[in-house]
Amino acid sequence: MDCVTLGDSIATGLTKLLMCEQRAYVGASSDKIIKLAKGSYRVQCIISAGSNDPYNPALSINLHQIRRNAFCNAYVWVIPANGASHSVRQVANFYRDVTVTFVPGKDGVHPASYNELAKRIMANNFEQRPN
């Protein structure tokens, strides 16, 4: 799969399964992901953001900036299992990007199964969409 993961620990967990380039790290907040996202990737971008700062008053602004910073052929947002889910869904819908959800594991934040989440991402037909 031609892709890049942008974001937090959920994105890092998907990197090897999807064989993507990684622009993510454990504990990354949305303001840190803004910097990681800068670039022109010409591949599918898988974005996981908001898990580490769900109550940040600037979360929506940061999510928009992440999306504007990353020039990709297609975008998929991983909807977090916490209070950030609404903001992430709104931003993804604004750009008409694809979203995927997951069943959270015992910690309530990370997927119970990264394999299942990766399958959901691969099962979607990510058509090229204008930036």
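## Burial and the basis of the model

A residue is called buried when its relative accessible area is under 20%, exposed when that area is over 50%, and partly exposed in between, with a 1.4 Å probe and protein chains only. By this definition Ser30, which has a relative accessible area of 0%, is buried.

The model is a predicted one, in which local features need pLDDT of at least 70 and side-chain atom pairs count only at pLDDT 80 or more, while totals for chains, interfaces and linings use all residues. Residues are numbered from 1 along each chain as its sequence is written, and side-chain values use heavy atoms, with hydrogens and water left out.

## Helices H2 and H3

Helices (H or I, at least four residues) and strands (E, at least two) are DSSP runs that are numbered from the N terminus. Helix H2, residues 30-37, packs with helix H3, residues 59-69, at an angle of about 10 degrees, and their axes are 8 Å apart; the axes are lines fitted to C-alpha atoms, for helices over the stretch in contact, and the angles run from 0 to 180 degrees between N-to-C directions. Angles under 35 degrees count as roughly parallel, over 145 as roughly antiparallel, 65 to 115 as roughly perpendicular and the rest as oblique, and H2 and H3 are therefore roughly parallel to each other. On the H2 side the contact, meaning heavy atoms within 4.5 Å, is made by Ser30, Asp31, Ile33, Ile34 and Ala37, and on the H3 side by Leu59, Asn62, Gln65, Ile66 and Asn69. Sorted by class, the contact of H2 with H3 has five nonpolar, four polar and one charged residues, where Ala, Val, Leu, Ile, Met, Phe, Trp, Tyr, Cys and Pro count as nonpolar, Asp, Glu, Lys and Arg as charged, and the others, Gly among them, as polar.

Ser30, placed in helix H2, touches Asp53, Asn56, Leu59, Asn62 and Ile66 when residues up to four places away in sequence are not counted. Asp31, also in helix H2, is partly exposed, with a relative accessible area of 35%, and its contacts, leaving aside neighbours within four places in sequence, are with Asp53 and Asn62. Asp31 and Asp53 are 22 residues apart along the chain, and their C-alpha atoms are separated by 9.1 Å.

## Helices H1 and H5

How are helix H1 and helix H5 oriented, roughly parallel or roughly perpendicular? Helix H1, residues 9-18, and helix H5, residues 114-123, pack at an angle of about 75 degrees with their axes 10 Å apart, which makes H1 roughly perpendicular to H5. The residues in contact are Ser9, Ile10, Gly13, Leu14, Leu17 and Leu18 of H1, together with Tyr114, Asn115, Leu117, Ala118, Ile121 and Met122 of H5. By class, this contact of H1 with H5 has nine nonpolar, three polar and no charged residues.

## Aromatic rings

Rings of Phe, Tyr and Trp (its six-membered ring) pair if their centres lie within 6.5 Å, and planes under 30 degrees apart count as stacked, over 60 as edge-to-face and the rest as tilted. The count by this rule comes to one aromatic pair. The rings of Phe94 and Tyr95 have their centres 4.9 Å apart and their planes at 85 degrees, so this pair is edge-to-face. Phe94 is exposed, with a relative accessible area of 59%, whereas Tyr95 counts as buried at 19% relative accessibility.

A charge sits over a ring if NZ of Lys or CZ of Arg is within 6 Å of the ring centre and within 35 degrees of the ring normal. Arg67 lies over the face of Tyr75, at 3.5 Å from the ring centre.

## Residues in loops

Arg42, in the loop between strand S3 (39-40) and strand S4 (44-48), has a phi near 55 degrees, a positive value in a residue other than glycine, and is exposed at a relative accessible area of 57%. Arg96 lies in the loop between helix H4 (85-94) and strand S7 (98-100); its phi is positive, about 60 degrees, although Arg96 is not a glycine, and at 65% relative accessibility Arg96 counts as exposed.

His110 is placed in the loop between S7 and H5 and counts as partly exposed at 24% relative accessibility. Not counting residues up to four places away in sequence, His110 touches Ser9, Ile10, Phe102, Val103, Pro104 and Gly105.
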